[in-house]
Amino acid sequence: MNAPCNNRLGTMKIYKSLLLLLILSSSLLSAKLPDLDENKTLKKVKEMLSLHASEKEINPELMGRILKNYLEELDPTKTYFIESDIKEWLDPSPEYLSKITQEYLKANFTAFNEIFLAMTHAIERRHELEKEIDFSDLPKNVLPEEFKDMQWVKTTDELKNRILRIRALQVETASQLTEDLKDTSLQRINKRQAKNEEELLDKNKDQRNKLILTKILKATASALDTHTAYFTPEEAKQFMINVQQRLFGIGAQLRDDLNGFTVTKLVEGGPAWNSKELKAKDRIIAVNGEPVVGMDIVDAVELIRGEENTPVVLTVIREVGEQDDKKEEKLDITIIRGEVVLKEARYEVSYEPFGDGIIAYLKLHTFYQDPDSSSAQDLSRELEKLKEEHKVKGVILDLRYNSGGLLTQAVAVTGLFIGNGTVVSIKDNSGFVQHLRNIESKEVWDGPLIVLVNRVSASAAEIVAQTLQDYGRALIVGDDHTYGKGSFQTFTLIPQADQVNPEGEYKVTRGRYYTVSGKTPQLTGVLADIVFPGPLSESELGEKFSKYPLPQDAIKPNFDDDLSDIPPFQREKVRLAYKSTIQPKLTIYDQYLDTLKQNASWRLKHNKNYQTFLKELKKKKDHVEGEEEDFGQNDLQLNEAVNLMKDLVILMDASKKKAA
């Protein structure tokens, strides 16, 4: 395995071109709409309200949020409406809000139908405006920052200018690609816009009504708080794939090239990989005889996925021959669907040789669990293997870009590094506090531990980082703070279930979570013990920047766990096994902290690459990860974490020798 400081491990490339390709994307993943009517919609809303941490009823204040969200659901890029089109909904009077609220509670969504009608007129107007715009004379040096926090424009001239400037930005970004890719990228943007408009202008009354109700549910859910959300059936399936990092299909990554879907990668160990028939660069033009050229990629992928052990026939175009003899041939390839586990999106393991041993590096992308594996099991196995093969002197747990996952896995992963004790406490919508504990005492590593975080480490990642910090078990390093998501959600789709509700599913914020200190990372995030900035450290990222975040609060610390939330008849039995290996609150790193900070500061000050990187970062807050490679090293932040661990190991070894 390669040393982590010599390789860019686990980096998520967030290219601006990708962001721009998605700038006109719809909030719906597929044209297949949920089976909704007005009464089903209201029932779903009432279900969410009954479970929510704080919002319990649709009132005029909440209705104001819902209207704004609905407008943004229809026009997320603010390139259709002008302010006068939507003034009565954007800035409604108290009387009007009260009226709409009463209608809403009777499953009367007349106002939302009126807004939808206004959107169809806005689409028609945009088509006329685009005929007047001279796209051959695009403005230069348009920056992405000007489209941040956009408001609706006041005049049609301003709207034309915005459309022109967005197109200029898209073309400028696409120009960084090859000529073929540039043309494809721009065609894809046009195709996505046309598809969205076609969906909104659908003359089928039933389809139009389902679309309106879907967007009402999305607008209502997101008005309750930042993390409550409604999913169409297709979105619900994709959400579970993201949580579990597993699916049933063929294990191929595809790219929409307009004339078919090109295979860009085969997932190692997946059905396509094992069959040896499908090749990278093959272009899929039909699935089970159904043409997919021009189809949305989500719909095409859904055709390819299916039940385990069932066949799927892919019609592909493959280039054969060399140069002048190159030609295309059409093939039908049959692949038996199977489970695809996206292991590379789960975790990574490496190490850095150091003295007579190693520094272990574990990167966890998400907190996952399926019938065969989990984040805790996989990390435990990998760490035990490293301990068998090497003398492990320290462990770096990298939780950068980890946006969370399963709460139970946050407890289990924390349990790899502590004895028994409270890991996280949750307070639900009724005010009941439940403590989730590590009770199995399967501590795999009790030596020097560093947790590396950045501003998008969130949720379950923050639980692990803050709990280990609370116990004094690890040093938290990296960006100054994490994301600040201290709320937990429940999802109506059960992970093991095969059936998705045809009416759609939702996740709803039930309450907040707190680590053993009684603190929640809500809004503030986990504060680093030692700060050395990464590419996102100047970006305005975090819960505090979100639309409707829950406020922060606290509960009492639970280091001295009295097990009061456990039923009395079970309490004594639990106490006997639990208390014998309780995790104490440690101060082992305190004596080294000043020295470690001084050493890190000195290294950063004298590292020309890092200083150049920081200067550029200050100039531009909306930094895209990956650009630090321009400064001569791969992953400067990880490199400093490794140096810091070396310092810590040396200091702790010296302290042990002195004590002896």
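Me: First up, over which residues does pLDDT stay under 50, and how many contacts beyond four places in sequence does the model have there?
Reply: This is a predicted model, and pLDDT stays under 50 over residues 1–30, where the model has 93 contacts beyond four places in sequence. Residues 622–633 also stay under 50, with 37 such contacts.

Me: And what is the mean pLDDT of the protein chain?
Reply: The mean is 86, and 88% of the residues reach 70 or more.

Me: Which residues of α13 are buried?
Reply: Those are S375, A376, D378, L379, S380, E382, L383 and L386.

Me: What covers them?
Reply: The cover includes strands β10, β11 and β12, along with helix α14.

Me: Now aromatics. How many aromatic pairs are there?
Reply: The count comes to seven. One of them is Y471 with F559, edge-to-face at 5.7 Å centre to centre and 85° between the planes.

Me: Why does that pair tie together parts that are apart in sequence?
Reply: Y471 is in the loop between α15 and β16, and F559 is in the loop between β19 and α16, so the pair links parts 88 residues apart in sequence.

Me: Is Y471 buried or exposed?
Reply: Y471 counts as buried, because its relative accessibility is 1%. F559, at 26%, counts as partly exposed.

Me: Last one: which ring does the charged end of K78 sit over?
Reply: That would be W152, with the charged end 4.5 Å from the ring centre. R126 lies over the face of Y80, at 4.7 Å from the ring centre.

How values were computed. Residues numbered from 1 in each chain as written. Predicted model: local features only at pLDDT ≥ 70, side-chain atom pairs only at ≥ 80, totals over all residues. Heavy atoms only, no water. pLDDT = per-residue confidence, 0-100. Contact = heavy atoms within 4.5 Å. Buried < 20%, exposed > 50% of the residue type's maximum accessible area, 1.4 Å probe, protein only. Helix = DSSP H or I, 4+ residues; strand = E, 2+ residues; numbered from the N terminus. Phe/Tyr/Trp six-rings, centres within 6.5 Å; stacked < 30°, edge-to-face > 60°. Lys NZ or Arg CZ within 6 Å of the ring centre and 35° of its normal.
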